[in-house]
Amino acid sequence: MVYRLIRVREPITRLARVALALEFASTVRHDGHGGLADDLATPEGLAAWAGVPADESLRRRAVELRWAVRSLFAHATRAHERTDTPHLMDVERALEIVNGAAARVPRAARLEWGEQPTLRYVDSADEGDRLLAGLATAAIEFLAGAARADLRACPAPRCIRYFVKAHPRQEWCKPSCGNRARVSRHYHRGR
Ligand SMILES: [Zn+2]
């Protein structure tokens, strides 16, 4: 294989992968009015979120990948029907998209020997493919790893976030969701 355009990438840590996968899934959320707010709604939005130049074609691919990842999250957590459910796809299709994005950037380990031997990863992809491959790989490694067992779909009314439990009794993605759920329960009981 010929690496025409060589880029250097650092291996990322397990924690960073979990954070990246969750952050990517969280680029869409409830808008407070029964709809969805999407950080990736425009190429500019994607560019701002990812820190790389983006056009409409990359944006479409990123959004498709994001819904594929969220479909796998929904599958892993057996999430109930939520505002984003109409965007979800079946597991086979989601796997195809996630695996396809990861496979578009074959990378090679490269040994550099300065003061001491150092491992670097190199590839010959463009920035867009590399972005999607990095996100897909983070999702794959997260879903195939031990942290998946603590992945939860926040059960608060209207919330569509996923989170990894930081402690055994954590029920909500954030305290405000817990408060909203308590108020809602109280309201329904009161009627
Ligand atoms: Zn929540």
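Helices (H or I, at least four residues) and strands (E, at least two) are DSSP runs, numbered from the N terminus. On that basis the chain has six helices and seven strands. The model is predicted: local features need pLDDT of at least 70, side-chain atom pairs count only at pLDDT 80 or more, and totals for chains, interfaces and linings use all residues. Residues are numbered from 1 along each chain as its sequence is written, and side-chain values use heavy atoms, with hydrogens and water left out.

**Overall layout**

- From the N terminus on, the elements run β-α-β-β-α-α-α-β-β-α-β-β-α.
- The C-alpha trace spans about 70 × 35 × 30 Å along its principal axes.
- The chain has 191 residues, and buried ones make up 38% of them. Buried means under 20% relative accessible area, exposed means over 50%, and partly exposed lies in between (1.4 Å probe, protein chains only).

**Zinc site**

- Which atoms coordinate the zinc ion? The SG atoms of Cys 154, Cys 159, Cys 173 and Cys 177 do, at 2.3 Å. Donors are N, O and S atoms within 2.8 Å of the metal (3.2 Å for Na, K and Ca); water is not among the atoms, so sites may look incomplete.
- The four donor atoms subtend angles of 103 to 116° around the zinc ion, which makes the arrangement tetrahedral. Four donors count as tetrahedral if all angles lie between 85 and 135 degrees. Four count as square planar and six as octahedral if opposite donors are over 155 degrees apart and all others between 65 and 115; anything else is irregular.
- Ideal angles at a metal are 109.5 degrees for four tetrahedral donors.
- The donor residues follow the spacing C-x4-C-x13-C-x3-C in sequence.
- Cys 154 sits in the loop between strand E6 (151–153) and strand E7 (162–164), while Cys 177 belongs to helix H6 (residues 175–190), so the pair ties together parts 23 residues apart in sequence.
- Cys 154 and Cys 177 are both buried.

**Second largest pocket**

- A pocket is found on a 1 Å grid over the protein atoms alone: it is an open set of points with protein on both sides within 12 Å along at least five of seven lines. A cavity is a set of points where a 1.4 Å probe fits but cannot get out. Lining residues have an atom within 4 Å of a point.
- The second largest pocket has a volume of about 250 Å³. Grid points are joined across faces, edges and corners, and a volume is the space filled by probe spheres set on the points.
- Its lining counts 18 residues; Thr 77, Arg 78, Ala 79, Arg 152 and Ala 153 lie nearest the centre.
- Helix H3 (56–77) and E6 are the elements that give two or more residues to this lining.
- E6 supplies the largest share, three residues.
- By class, the lining holds eight nonpolar, three polar and seven charged residues. Ala, Val, Leu, Ile, Met, Phe, Trp, Tyr, Cys and Pro count as nonpolar, Asp, Glu, Lys and Arg as charged, and the others, Gly among them, as polar.

**Strands E4 and E5**

- Strand E4 (residues 108–113) and strand E5 (residues 117–123) run antiparallel, joined by six bridges. Two strands pair if DSSP finds at least two bridges between them.
- A hairpin links E4 to E5 through three residues.
- Trp 113 stands opposite Pro 117 in E5.
- Is E4 buried or in the open? Of its six residues, the number buried is zero, so E4 lies largely in the open.

**Positive phi values**

- Most residues other than glycine have a negative phi.
- Arg 78 has a positive phi, near 50°. This residue is in the loop between H3 and helix H4 (91–103), and at 71% relative accessibility Arg 78 counts as exposed.
- Arg 158 also has a positive phi, near 75°. Arg 158 lies in the loop between E6 and E7, and is partly exposed at 44% relative accessibility.

**Leucines and their contacts in space**

- Leu 151 lies in E6 and is buried, at 3% relative accessible area. Its C-alpha is 9.8 Å from that of Ala 74, 77 residues apart along the chain.
- Leu 95 is in H4 and counts as partly exposed, at 35% relative accessibility. Leu 95 and Leu 65 are 30 residues apart in sequence and 9.8 Å apart, C-alpha to C-alpha.
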